[in-house]
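Please work through the exercises below with the sequence and the structure at hand, trying each task before you read its solution.

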Amino acid sequence: MMNRLKDATSPYLLQHADNPVEWFEWGEDAFAEAARRNVPLLISVGYSACHWCHVMAHESFEDEGTAALMNEHFVNVKVDREERPDVDAVYMAATQAMTGQGGWPMTVFATPEGHPFYTGTYFPRPQFQRLLAGVSNAWNGDREAVLEQSSKIVEALNERSALPSGPLPTPDTLARAVQSLSRSFDQVRGGFGGAPKFPPSMALEFLLRYGAAAEPRTGAEGGEPEDRREPGAGAGAEAGTPTATAMAGRTLEAMARGGIYDQLGGGFARYSVDADWVVPHFEKMLYDNALLLRVYAHWWRLTGSALGRRVALETADWLLAEMRTPEGGFASALDADSEGVEGKFYAWTPEEIHEVLGEEDGAWAVALYEVTGTFEHGTSVLQLLSDPDDAERSARVRAELLAARAHRVRPGRDDKVVAAWNGLAIAALAETGALFDRPDLVEAARAAAVLLDGSHMDGDRLLRTSRDGRAGANAGVLEDYADLAEGLLTLYGVTGEVRWFHRAGALLETVLDRFADGSGGFFDTADDAERLFQRPQDPTDNATPSGQFAAAGALLSYAALTGSARHREAAEAALGTVTVLADKHARFAGWGLAVAQAAVSGPVEAAIVGPLDDPATSALHRTALLSPAPGLVVALGEPGSAGVPLLEGRGLLDGAPAAYVCRGFTCRMPVTTPAGLRAELAS
């Protein structure tokens with residue numbers, strides 16, 4: 001049997017390379033073989049950290065009898081949804097339309113042209129075997145009905161109209177979005193809605209930006225902010241409506257103290273299966289942790305929260321320790337399972353803790369971490385519901401438990417590097433490093449940018465993935481261009497290295513030239529990408545910012561640094577969808593709302609001019625970065641430096657480094673002291 005997956009760059013595909021199933025990778029070879037044999041395609045879509053993908057693999061794809069049925073009656077295609085989000089998107093739309101729900105593993109039966117006619121998700125082996133036989137019988141016995149069904153599905157999906165757009169969001173639009181979020185806010189446990197609960201990273205970023213605009217603060221650099229409350233949620237606020245900052249803070253604290261956060265090693269799991277953030281689905285994704293790292297750092301910046309600072313730094317340290325690849329990028333995910341058991345690496349019994357710590361410290365740790373049988377088989381996921389009364393003892397106990405846990409069998413790691421998610425990590429690490437004076441974090445962001453700028457660029461086009469420094473063949477999608485541009489613009493603002501500003505500009509040119517839909521929005525694939533039965537376009541957020549909202553954010557920042565009306569207008573047009581979603585679906589437009597808040601606020605532009613090795617320049621630069629002004633962009637350069645329009649014509653003031661605060665390229669008088677700059681930014 002030919003092993004067609006042995007050279008794949010996807011660890012998920014490599015997990016299936018030795019199955020008795022004769023898998024193909026997605027591509028023309030599979031379509032041609034299905035046409036030659038006159039059999040349907042069986043398309044199985046999943047990802048390496050997916051628990052139920054592993055279950056179906058063990059039950060069915062490793063089973064000789066099931067594999068024989070698959071090989072006899074179908075051409076079998078294995079797809080890593082993280083490598084091919086476009087393929088995943090079109091078949092997920094079909095699955096949700098046909099079954100009313102979706103998920104992974106996703107199982108799709110399609111014509112040799114790739115048109116779906118039957119879909120589902122996980123199937124236990126007996127049911128899956130019956131399904132294989134039934135689909136084969138229908139294909140051979142009633143082909144006309146199958147093809148008619150396929151044609152109707154494709155036609156219905158292509159007739160779906162794009163989400164309507166509206167005008168640029170206004171302050172009132174943003175206030176209504178806060179009210180919308182407050183209606184589903186869990187005031188006791190944080191978060192929105194009930195179980196399962198996913199980290200609402202993008203909505204939290206919006207709420208922090210809204211809070212900063214509603215009640216400007218001194219910022220963390222000015223010392224611990226005083227405990228004040230926002231003057232209502234904005235225009236039209238209802239009595240008793242929780243404020244934006246309060247909703248964000250309650251959620252961030254609840255997640256950080258619950259089991260969804262790894263209290264020993266740092267980093268967040270994918271989601272909580274309960275409403276109290278206690279028991280997670282244990283897989284850890286790069287994108288979640290990059291987004292949450294940035295939000296926790298911004299929470300500290302806005303409020304001075306000590307918990308925000310601790311969690312941000314622990315999450316950053318976890319990223320460097322667990323997710324960094326030898327080439328300098330960041331791996332995609334850690335599995336939920338180890339030794340075939342979900343959560344085994346992370347859960348503890350009281351007896352295990354006593355064995356590591358002894359009776360006295362063990363009893364103290366069992367109480368501290370709520371080891372009361374919250375998980376399966378008498379084990380518990382560790383929580384930290386309040387700060388310990390003995391910080392030194394807590395640190396020692398944590399270190400001993402972490403060292404003991406290191407001897408357990410670790411979850412598997414998907415070490416492919418995804419451009420979009422690395423862009424999110426670059427932005428988060430660069431900002432966190434600057435805010436907390438951690439140059440190692442900035443250097444990690446820079447190293448990831450160097451890898452992406454080298455291995456992932458094919459001329460002026462971006463490739464989505466790499467592994468071991470070798471780029472995959474899959475073209476970048478909209479989120480790859482937009483999130484990487486966001487990361488590089490942030491890295492430029494932190495380091496002053498102009499190469500990242502220029503690379504971001506080139507990526508955004510491709511966004512405007514290749515992804516625009518002609519109506520102000522963006523498709524998720526380029527105009528010269530592989531043609532699927534539908535060109536995917538989804539402006540709403542999911543686990544990550546939508547490509548459209550991410551593009552709007554990067555375009556807005558680039559416009560603020562360049563004065564480009566073209567980029568500003570494109571950003572504003574892409575935000576029209578936010579106006580439609582704000583009232584009833586704000587949770588699915590969090591990043592768009594955050595970008596809209598930046599647009600409404602300016603965003604503020606800070607140009608810092610001075611010798612980069614001058615402490616006075618560094619002090620002004622740090623002051624700018626510590627401002628919570630929504631969407632603030634920072635330009636940093638030597639006097640007379642060229643390449644970034646916001647710096648042009650801005651020089652020293654009486655021989656001293658100077659800071660210029662602007663909106664729309666209209667600048668106030670320059671200042672030379674951090675106190676003066678703080679006052680300008682606050683105004």
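The exercises that follow concern a predicted model, and each task comes with a solution in steps.

**Exercise 1. The surroundings of strand S4**

Task: Describe how strand S4 (residues 106-110) pairs with S5 and with S2, and decide whether S4 is enclosed or open to the outside.

Solution: First take the pairing with S5, which is antiparallel and runs over four bridges; here alanine 110 is found opposite proline 116 of S5. The hairpin that S4 and S5 make has five residues between the strands, and in it glycine 114 adopts a positive phi near 95°.

Next take the pairing with S2, which is also antiparallel and runs over five bridges; in this pair, leucine 41 is the residue opposite alanine 110 of S4.

Then consider the two faces, remembering that in a regular strand the side chains alternate between the two faces of the sheet. On one side of S4 are Met106, Val108 and Ala110, on the other are Thr107 and Phe109, and all of these are buried. Because five of the five residues of S4 are buried, the strand is largely enclosed by the rest of the structure.

**Exercise 2. Two crossing helices**

Task: Determine how helix H14 (residues 359-368) and helix H15 (residues 391-405) are placed relative to each other.

Solution: The two axes come within 11 Å and cross at roughly 95°. Angles of 65 to 115 degrees count as roughly perpendicular, and therefore H14 is roughly perpendicular to H15. At the contact, Glu360, Asp361, Trp364, Ala365 and Leu368 of H14 meet Arg393, Ser394, Arg396 and Val397 of H15. Sorted by class, this contact has four nonpolar, one polar and four charged residues.

**Exercise 3. A residue in a loop**

Task: Is threonine 525 buried or exposed?

Solution: Threonine 525 lies in the loop between helix H19 (498-515) and helix H20 (547-562). Its relative accessible area is 5%, and buried means under 20%, so threonine 525 is buried.

Methods:
Residues are numbered from 1 along each chain as its sequence is written. This is a predicted model: local features need pLDDT of at least 70, side-chain atom pairs count only at pLDDT 80 or more; totals for chains, interfaces and linings use all residues. Side-chain values use heavy atoms; hydrogens and water are left out. Two strands pair if DSSP finds at least two bridges between them. Buried means under 20% relative accessible area, exposed over 50%, partly exposed in between (1.4 Å probe, protein chains only). Axes are lines fitted to C-alpha atoms, for helices over the stretch in contact, and angles run from 0 to 180 degrees between N-to-C directions. Angles under 35 degrees count as roughly parallel, over 145 as roughly antiparallel, 65 to 115 as roughly perpendicular and the rest as oblique. Contact means heavy atoms within 4.5 Å. Ala, Val, Leu, Ile, Met, Phe, Trp, Tyr, Cys and Pro count as nonpolar, Asp, Glu, Lys and Arg as charged, and the others, Gly among them, as polar.
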